[in-house]
Amino acid sequence: MRLAASPLTQIKSLEGPILVTGHTGFKGAWLGLLLDSLSIPYVGYSLKPEPGSLYERLGSEPSASEVFANILDLEVLKEFISQHDVKAIIHMAAQPLVLTSYQKPLETFAVNALGTANILDAACHAPDVKAVLAVTTDKVYRNSNDGKDFKESDPLQGHDPYSASKVAAESAVDAWRKIVSQMGGPRILSARAGNVIGGGDWSENRLIPDLVRGFSKSAAVEIRSPGSTRPWQHVLDPLVGYLLALENALLGSDISSFNFGPSTPSLSVRTVTEIAKNTWPHNPKVEYFERKDSLEAKTLGLDPSLAIKELNWRANWSQEAAVTSSIEWWLKVLTGRIEPLKACKDDIASVLQVEE
């Protein structure tokens, strides 16, 4: 077995600066470090970081020009894009949680749908912007809970405020692609990623953060819907895909969307929890319960064949390895064996060289 260069090392068209919206979020902080590792300049537009977030834990890195502002403020957004001569955009700013969307449905729709429209409109008024990648979700597909793996061509439909708001974002992508075809402008596409996990995620009502919070306090963790399945993946896998997809667009491809997820069948919440328990020392306690209100889909799976074929993309972590790596990241950081920045950079280094 030998080490081979990641497809990322062949990227030539991402000269930047790239605008990353949501750069203070979990995925945004990882993307900033990845772009720094590739020496690709970027600027960040986001709300202020949440307390305890990975962005805060990283301290002064990643380093980029940034503004803390709302994507619903179109004029501030346009001015920021113009001021920094942005060449491409990766749009990740969002209200990202299904359960929160039931509590704040109007805010969820405003941020996820109108916010995406603002990004697209601002990009079309900025002549230097050549491509926009809007990140939506694996939950945009019409899901009858039959366990199928969704392809990009499958019909879209939202069953909850979050997924419906992301379907609206996909509709905005389609609408602005039509505008661009008539009036000119940047290439526009969407990316739909599976359930993303990794070191540093501290969000509420997400499986790995909930487990880590409970395990670290030696408290029993209540886990809802253990039989539900999801396409789990390490955060760096879709981020690599986003960069490859963005370059593909800059090189002239007109593909409208890509799935990024594991090539193996989705794992259940129970399976992921048991992997996490076996990785954490001292036999932590977990209590399972089934929700009766069906607020979330029972099964979910993605078919990443298009990204594999067109982008030479592949997941560097299996689902099991992604879970283990995420828990080990927290064990090392919480016990002070390693700083968060070093732990992230070690994972990024493993991505930039892959085994063949």
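Reply: Let us begin with Lys12, which sits in the loop between strand 1 (3-5) and strand 2 (18-21). Helices (H or I, at least four residues) and strands (E, at least two) are DSSP runs, numbered from the N terminus. This is a predicted model, where local features need pLDDT of at least 70 and side-chain atom pairs count only at pLDDT 80 or more, while totals for chains, interfaces and linings use all residues. Residues are numbered from 1 along each chain as its sequence is written, and side-chain values use heavy atoms, with hydrogens and water left out.

Lys12 is exposed, with a relative accessible area of 68%. Here buried means under 20% relative accessible area, exposed means over 50%, and partly exposed is in between (1.4 Å probe, protein chains only). Although Lys12 and Leu251 are 239 residues apart in sequence, their C-alpha atoms are 9.7 Å apart in space.

Ser163 has 2% relative accessibility, so it counts as buried. Leaving aside residues up to four places away in sequence, Ser163 touches Lys139 and Gly158; contact means heavy atoms within 4.5 Å.

Now to the charged pairs. Side chains of opposite charge can pair when their charged atoms come close. A salt bridge is a side-chain nitrogen of Lys or Arg within 4 Å of a carboxyl oxygen of Asp or Glu, and the structure holds eleven of them.

One of these joins Arg192 to Glu170, with the closest N and O atoms 2.8 Å apart. This pair links distant parts of the chain, as Arg192 is in strand 7 (residues 187-193) and Glu170 is in helix 6 (residues 161-183), 22 residues apart. Arg192 is buried, with a relative accessible area of 4%, and Glu170 is buried too, at 2%.

Another salt bridge runs between Lys78 and Asp121, whose closest N and O atoms are 3.8 Å apart. Again, distant parts of the chain are linked: Lys78 belongs to helix 3 (residues 74-83) and Asp121 to helix 5 (residues 105-124), 43 residues apart. Lys78 is partly exposed, with a relative accessible area of 23%.

Finally, look at Asp210 and Arg213, whose side chains meet in a salt bridge (2.7 Å, N to O). These two are three residues apart in helix 7 (residues 207-216), so about one helical turn separates them. Both Asp210 and Arg213 are buried. Elsewhere, salt bridges that share partners join Arg177, Arg187 and Asp254 into one network.
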